[in-house]
Amino acid sequence: MAELLRVEGVVKRFGGITALDGVSLSIEQGELMAIIGPNGSGKTTLFNVINGVLKPDAGKIVFEGRDITGLPPYKRVALGIARTFQIPKPWPNLTVRENVAIGALFGSMQGRIGAREALEIADEILEIVGLSGKAEVEAGKLTVPEKKVLELARAIAMRPKLLMLDEVVAGMSPKDADRIVDVVKKIRDEYNISVVSLVEHVMRVVTKFAERVVVMHQGRVIREGPPEEVLRDPLVQRVYLGGAL
Ligand SMILES: Nc1ncnc2c1ncn2[C@@H]1O[C@H](COP(=O)(O)OP(=O)(O)O)[C@@H](O)[C@H]1O
Ligand SMILES: [Mg+2]
């Protein structure tokens, strides 16, 4: 597999707090990766440094061999880095189909496709995520899990190479969480997208979704590897799971 993204020695401070204390990791093309760790361990900060919302104090972000550390978020989107938000905020009065089409218009194909093509892309993606039946429904009328699927569809419509999911299954029933995991895997298979997901508490989902898990603690990566191995690790159990497994 080829490397898609590399984070090199990233440091991020907020006043006296060192949220990221020299984080290095890489993501391969088509890989499914989960970043886990206790509250305050730096997951969201790392996420925001990768998508460009935050600038690191030291270190760099390399995407497809190119240093993107200085690029603003919208330029990273154009290069193929898309994200979802923990709380989806679709345009409530637009249809599901229109919401997804907007993703296509402002994603990595921005400026190269028109409205008609964007709507065609939306239809294709709604089919894949199993939301075709709701295409003409106003987005504000969807259930919460449906909004999460829409949020995923919108991000996929951006045709990213790297899809970053922020706590996408938080607060969901096991059934809805499983559906999301299945959709994400299907997308990866269909488009060879790399997926990085932040997961706070749902270890069952980590095991089901991730090929590799990165564990953060106090701003550092303390372990990484296959989920079964990492979640059984005594250090991980102590700092994170409290021996829960
Ligand atoms: N905007 C901010 N201002 C000040 N401190 C912050 C800010 N964002 C995060 N932090 C601090 O940085 C540390 C890491 O936070 P965060 O990245 O949100 O962790 P996680 O997502 O793993 O819960 C915490 O100590 C948090 O309080
Ligand atoms: Mg967080």
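Predicted model: local features only at pLDDT ≥ 70, side-chain atom pairs only at ≥ 80, totals over all residues.
1. Two strands are said to pair if DSSP finds at least two bridges between them. Strands (E, at least two residues) and helices (H or I, at least four) are DSSP runs, numbered from the N terminus.

2. Residues are numbered from 1 along each chain as its sequence is written, and chains are lettered from A and ligands numbered from 1 in the order in which they are written.

3. Strand 3 covers residues 32–36. Four bridges join strand 3 to strand 8 (residues 194–198) in the parallel sense, and four join strand 3 to strand 9 (residues 212–217), also parallel. On the strand 9 side, Met-33 has Arg-212 as its bridge partner, and Ile-35 stands opposite Val-214.

4. Is strand 3 buried or exposed? Five of its five residues are buried, so strand 3 is largely enclosed by the rest of the structure.

5. The open sheet has six strands in the order 6-7-8-3-9-10, with mixed pairing. Strand 6 (81–83) and strand 10 (220–225) are the edges, each pairing on one side only. From one strand to the next the twist averages 20 degrees; angles run from 0 to 180 degrees between N-to-C directions, and axes are lines fitted to C-alpha atoms, for helices over the stretch in contact. Helix 1 lies across strands 3, 6, 7, 8 and 9, and runs at about 150 degrees to strand 7 (162–166).

6. Strand 1 (residues 3–14) pairs with strand 2 in the antiparallel sense over nine bridges. The two form a hairpin with two residues between them, and Gly-15 in the turn has a positive phi of about 55 degrees. Phe-14 stands opposite Ile-17. Strand 1 also pairs antiparallel with strand 4 (residues 58–63), over five bridges, where Leu-5 stands opposite Phe-63.

7. Phe-63 also has Arg-66 of strand 5 as a bridge partner. Strands 4 and 5 (residues 66–67) run antiparallel, joined by two bridges. In their hairpin, Glu-64 takes a positive phi near 50 degrees.

8. Which residues are around ligand 1? They are Phe-14, Ile-17, Ala-19, Gly-37, Asn-39, Gly-40, Ser-41, Gly-42, Lys-43, Thr-44 and Thr-45; the cut-off is a C-beta atom, placed from the backbone, within 6 Å of the molecule. Strand 2 (17–28) and helix 1 (43–51) each give two or more residues, with the largest share, three, coming from helix 1. By class the shell has three nonpolar, seven polar and one charged residues. Ala, Val, Leu, Ile, Met, Phe, Trp, Tyr, Cys and Pro count as nonpolar, Asp, Glu, Lys and Arg as charged, and the others, Gly among them, as polar.

9. The axes of helix 3 (residues 96–105) and helix 5 (residues 144–157) come within 6 Å and cross at roughly 35 degrees. Residues in contact (C-beta atoms, placed from the backbone, within 7 Å) include Val-100 and Gly-103 of helix 3 and Leu-150 and Ala-153 of helix 5. The residues of this contact divide into seven nonpolar, two polar and one charged.

Definitions and conventions
Contact = placed C-beta atoms within 7 Å. Buried ≥ 20, exposed ≤ 12 C-beta atoms within 10 Å, placed from the backbone.
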